[in-house]
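Come along while I look things up, step by step.

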Amino acid sequence: MHGEYKVPDGKLVSADVEVVDQRLSRVRISGDFFLEPDEALEDINRSLRGASVNADTETLTGLVRQGLDPEARLVGFTVESVAVAVRRAVTGSTGWLDHEWRLVREPARSPLMHMALDQVLAEEVAAGARSPTLRFWEWAAPSVIIGSFQSVRNEVDMPSAERYGVEVVRRITGGGAMFVEPGNTVTYSLYAPSSLVAGMSFAASYAFLDDWVLQVLRELGLNVWYQPLNDITSDGGKIGGAAQKRVAAGAVLHHVTMSYDVDAEKLGQVLRVGGVKLSDKGVGSVVKRVDPLRRQTGLERQVVIDRLVGGFGARHGLVEDRVTDEEQRRAEELISEKFATEEWLHRVP
């Protein structure tokens with residue numbers, strides 16, 4: 001069995017594993033990483049032999065750490081990344097290039113339609129009815145999108161939202177509230193089979209699925225990095241945030257909103273962001289946390305999106321696609337049955 005894990009901002013770790021009687025009988029770790037001393041590689045391999053095929057990443061990490069000389073130097077990878085590569089080998093993981101990725105890039109849609117399409121397309125990928133897909137969003141109206149478990153009352157100043165004509169909707173993923181206006185954000189969703197992130201923790205999968213984005217942003221001249229759990233940040237502050245949901249039938253929905261421009265005054269009035277949330281960010285206000293792509297790149301928004309599309313396609317391949325009539329119909333049903341209802345919006349008052 002073979003598994004691979006590309007360490008975000010690091011090197012590729014490969015694991016070739018043989019199993020006998022539900023135990024790892026032979027393990028060979030390889031990759032383009034650096035390791036000193038040379039003999040440490042065999043120490044890693046030896047430490048994993050005999051481990052249960054069902055051992056989780058934390059257990060395997062402990063075995064590798066225990067078997068390594070404390071003076072060994074790992075560059076471009078970690079003991080955790082070795083454990084992830086082994087887990088990906090025994091769980092039947094897939095890589096980006098094992099799939100034919102589809103690109104959906106359409107005219108603006110309503111906030112409610114975006115919420116519904118996220119669920120529909122994730123379920124279609126899980127069912128095998130749609131190839132893994134990258135979808136870029138265009139917003140038809142300003143909106144606050146709250147996380148699945150957030151309180152409307154705690155996150156949104158409703159009188160201000162109504163005054164500015166900002167629609168409030170709830171998405172199916174967790175995470176924090178977003179304020180968007182047409183032309184002011186870069187938003188995309190990945191709908192991927194669960195096998196792409198097999199063997200990874202939720203935390204590891206966030207950085208893994210957005211590694212290509214950071215690479216493209218760096219090509220645009222930005223100094224960016226991933227700040228756990230789910231922030232894309234830069235020297236000037238937060239650029240964007242990710243959210244994720246695993247679909248029980250076998251897919252992962254991963255979406256990201258990055259700020260291209262921002263009406264700071266309006267954002268500050270519509271969103272309620274308390275001191276507790278900001279206390280671990282090292283800043284005094286939500287406005288200071290946002291550092292838009294327009295200022296940092298000097299590029300038009302569509303040019304930024306074009307570069308992202310091109311960067312993904314160059315790395316993983318992309319085929320032009322669209323939302324089908326049946327997917328559109330199902331999304332319209334979900335709006336009526338779920339996303340437009342008071343029960344869904346106020347599931348957490």
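I started with terms: helices (H or I, at least four residues) and strands (E, at least two) are DSSP runs, numbered from the N terminus. With that in hand, I counted 14 helices and 16 strands in the chain. I then looked up the radius of gyration, which is taken over C-alpha atoms, and the globule rule, which is 2.2 Å times the number of residues to the power 0.38. The chain comes out at 22 Å, close to the 20 Å that the rule gives for 349 residues, so it is as compact as a globular protein of that length.

A note to myself on the source: this is a predicted model, where local features need pLDDT of at least 70 and side-chain atom pairs count only at pLDDT 80 or more, while totals for chains, interfaces and linings use all residues. Residues are numbered from 1 along each chain as its sequence is written, and side-chain values use heavy atoms, with hydrogens and water left out.

**Overall picture**

I looked up the extent next: the C-alpha trace spans about 65 × 45 × 40 Å along its principal axes. I read "buried" as under 20% relative accessible area, "exposed" as over 50% and "partly exposed" as in between (1.4 Å probe, protein chains only). Of the 349 residues, 52% are buried. For contacts I used heavy atoms within 4.5 Å. Among contacts with a separation of 6 or more, 72% come from residues 24 or more positions apart.

**Cores**

A nonpolar core is a set of buried Ala, Val, Leu, Ile, Met, Phe, Trp, Tyr and Cys residues joined through side-chain atoms within 4.5 Å. Which residues have the most contacts inside the largest nonpolar core? I found Trp-212 and Met-258, in a core of 68 residues. Helix α7 (residues 202-219) gives the most to this core, with 10 residues. I also noted another core lying apart from it, with 28 residues, including Val-104 and Met-178. Back at Met-258, I set aside neighbours within four places in sequence and listed its contacts, among them Tyr-188, Val-213, Leu-217, Ile-232 and Leu-308.

Most residues other than glycine have a negative phi, and most peptide bonds are trans. I therefore went looking for exceptions to that pattern. The bond from Glu-36 to Pro-37 is cis, with omega near 0 degrees, and Pro-37 sits in the loop between β4 (34-36) and α1 (40-48). Another cis bond joins Pro-228 and Leu-229, with omega about 5 degrees; Leu-229 is in the loop between β12 (224-227) and β13 (231-234). Asp-9 has a positive phi, near 65 degrees, and belongs to the loop between β1 (2-6) and β2 (12-20). Gln-22 also has a positive phi, about 65 degrees, in the loop between β2 and β3 (23-31).

**Two residues up close**

Is Arg-218 exposed, partly exposed or buried? Its relative accessibility is 31%, so I filed Arg-218 as partly exposed. Arg-218 lies in helix α7 and, not counting residues up to four places away in sequence, touches Asp-9, Val-224 and Trp-225.

Val-90, in helix α3 (residues 79-90), is buried, with a relative accessible area of 18%. Not counting residues up to four places away, Val-90 touches Met-1, Val-17, Leu-24 and Val-53.
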